[in-house]
Amino acid sequence: RDRCICVSYVFLLSSFTSLWHFTTLTRCPDLVDHIGLGTAGTRQDRLCRCRWSRSAKGCQKYILCSTLTVLPHFQGPLRRELVSYSFAITGLCGGKAKMKIICILPLVFCSLLATASNGFARSYYVKPDGNDTFDGTSDRTAWRTLDKVNSFGFSTGDDVYFKSGGTWRGKALTVDWAGGPSDRANIGAYYVENGKEIHGVIGTRPIIDGNNKVPSNTFRGLIDVQTPYVRIENIIVQGSNGEGIDFRDRGDNGWVNNCLIRDAWRRGVDFSDVDNGVLEHSEITNVDNFGNGAMVRGVRSNGTIIRYNHIHESAGWSEAVNALHSDNMQIIGNVIYDTWANGIYLDHAVAPIVKYNIVYYTRNKKYWRRPSAPFFGIWIADEKSQGTHHLGRDQVIMYNFIASTGSNFKLTRNSTT
């Protein structure tokens with residue numbers, strides 16, 4: 001209902017702007033700013049009504065109706081799309097349209113849109129002092145717990161934002177609703193400025209902490225993504241009893257940006273058996289038992305990008321980047337050091353591109369695989385234990401800096417182990 005009102009408001013305001021002259025009625029910067037119209041008569045400092053006295057009542061009715069709209073839900077492409085619709089329909093009306101037509105059309109348009117209103121993505125907010133009985137659609141009505149998020153029935157493309165500086169302990173987050181190619185489902189951070197929810201970080205990123213107890217299944221993630229087109233951004237994920245962020249098997253086109261993943265028992269980020277995953281501008285550290293800082297494996301792993309990350313200090317069985325059975329993987333611009341098993345491991349990898357990475361070990365023997373020396377910087381292999389359905393080929397490795405390793409570059413074909 002509130003989305004219909006929003007569309008009516010945009011349509012009406014743009015229509016009246018093109019057909020009549022307005023006079024300033026009152027200041028309402030928030031409403032007009034959220035709509036994002038920059039045309040005459042709709043600037044931030046004006047919310048107007050018709051000069052024609054016979055239409056004043058109708059104008060005021062729509063303005064009142066529009067004021068009830070929860071406009072902050074409309075962000076980015078969706079907002080621009082609504083604006084485009086409004087101006088397109090305004091053009092059909094023309095300069096000779098009667099006032100009654102202008103008054104009726106938004107209602108007709110609204111009723112047509114009502115049947116599809118659930119298709120529009122919404123933003124939901126979570127903060128430590130929230131209340132799970134609220135609707136979650138603003139900071140003022142934010143939820144409090146991960147239990148509420150996990151039990152809610154989200155629609156495709158809905159977003160969930162955790163308040164900067166907040167911590168949620170002892171629960172895993174399950175993402176079981178999908179996004180789409182042009183409208184990903186976002187799990188991210190927000191803060192409040194001048195009474196508005198701003199998507200991003202100020203101060204400390206929100207923390208999801210498994211307390212080294214959850215998830216109970218060590219092969220799943222503390223953030224467990226079960227659907228495609230999900231983006232995780234600006235979150236600290238720590239203390240996982242399994243993996244940090246897990247897209248495995250179901251999370252095609254997953255995206256991780258500006259996250260810190262630390263103290264995970266098994267792996268930091270897992271793109272196993274999915275296509276087109278992206279891990280960028282993130283930090284992964286202290287994967288200390290049996291894990292990999294970032295792992296891509298399985299015959300379906302294709303087109304994954306690992307770029308501009310800081311992956312370091314993992315003493316378990318932890319290749320920083322493991323491209324097992326991957327196709328068309330890109331490993332670009334990462335800083336990798338002190339990872340126990342290898343820096344970058346390409347096993348049965350087809351057409352990977354590995355470039356502009358820095359890989360090295362320090363003198364801290366905690367991270368050396370052998371007593372006398374650390375392990376390899378970049379290792380290319382076709383280990384028979386990992387299957388022989390195809391051998392690695394078409395591998396491009398260029399412009400990397402590798403130092404202080406047991407062997408800076410290792411090439412092993414058809415190995416028996």
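**Entry 1**

I began with Tyr356, which counts as partly exposed because its relative accessibility is 46% (buried means under 20% relative accessible area, exposed over 50%, and partly exposed in between, with a 1.4 Å probe and protein chains only). I found Tyr356 in the loop between strand S26 (353–355) and strand S27 (358–360); helices (H or I, at least four residues) and strands (E, at least two) are DSSP runs numbered from the N terminus. Together with Val396, Met398 and Tyr399, Tyr356 makes a nonpolar surface patch of about 400 Å². I noted that patches consist of residues with over 30% relative accessible area and no salt bridge, where like charges are joined within 9 Å and nonpolar side chains (Val, Leu, Ile, Met, Phe, Trp, Tyr) within 5 Å.

**Entry 2: what I am looking at**

I reminded myself that this is a predicted model, in which local features need pLDDT of at least 70 and side-chain atom pairs count only at pLDDT 80 or more, while totals for chains, interfaces and linings use all residues. Residues are numbered from 1 along each chain as its sequence is written, and side-chain values use heavy atoms, with hydrogens and water left out.

I looked up the whole protein next, and its secondary structure comes to six helices and 31 strands. Of its 417 residues, 53% count as buried. The protein exposes about 18,400 Å², of which carbon and sulfur atoms supply 51%, with accessible areas taken from the Shrake-Rupley method with a 1.4 Å probe, and for residues only the protein chains shown count as cover. For contacts (heavy atoms within 4.5 Å) between residues at least 6 apart in sequence, I noted that 68% join residues at least 24 apart.

**Entry 3: Asp382**

Is Asp382 buried or exposed? Asp382 counts as buried, because its relative accessibility is 3%, and I located it in the loop between strand S28 (376–381) and strand S29 (396–398). Its side chain reaches the backbone nitrogen of Gly392 at 3.0 Å and the backbone nitrogen of His348 at 3.3 Å.

**Entry 4: salt bridges**

Side chains of opposite charge can pair when their charged atoms come close. I used the rule that a salt bridge is a side-chain nitrogen of Lys or Arg within 4 Å of a carboxyl oxygen of Asp or Glu, and by this rule the count comes to 15.

One of them joins the side chains of Asp147 and Lys171 (3.6 Å, N to O). Asp147 lies in helix H6 (residues 146–151) and Lys171 in the loop between strand S5 (167–169) and strand S6 (173–175), so this pair ties together parts that are 24 residues apart in sequence. Asp147, at 41% relative accessibility, counts as partly exposed, and so does Lys171 at 38%.

I then followed Asp249, whose side chain meets that of Arg220 in a salt bridge (3.9 Å, N to O). This pair links distant parts of the chain, 29 residues apart, with Asp249 in the loop between strand S13 (243–246) and strand S14 (255–257) and Arg220 in the loop between strand S9 (207–209) and strand S10 (221–225). Asp249 counts as partly exposed at 37% relative accessibility, whereas Arg220 is buried, with a relative accessible area of 14%.

Asp249 also meets Arg248 in a salt bridge (3.8 Å, N to O), and Arg248 is buried at 10%. Salt bridges that share partners join Arg220, Asp224, Glu243, Asp246, Arg248, Asp249, Arg250, Arg267 and Asp270 into one network.

Methods. Polar contact = N/O pair within 3.5 Å; in protein donor to acceptor, adjacent residues only side chain to side chain.
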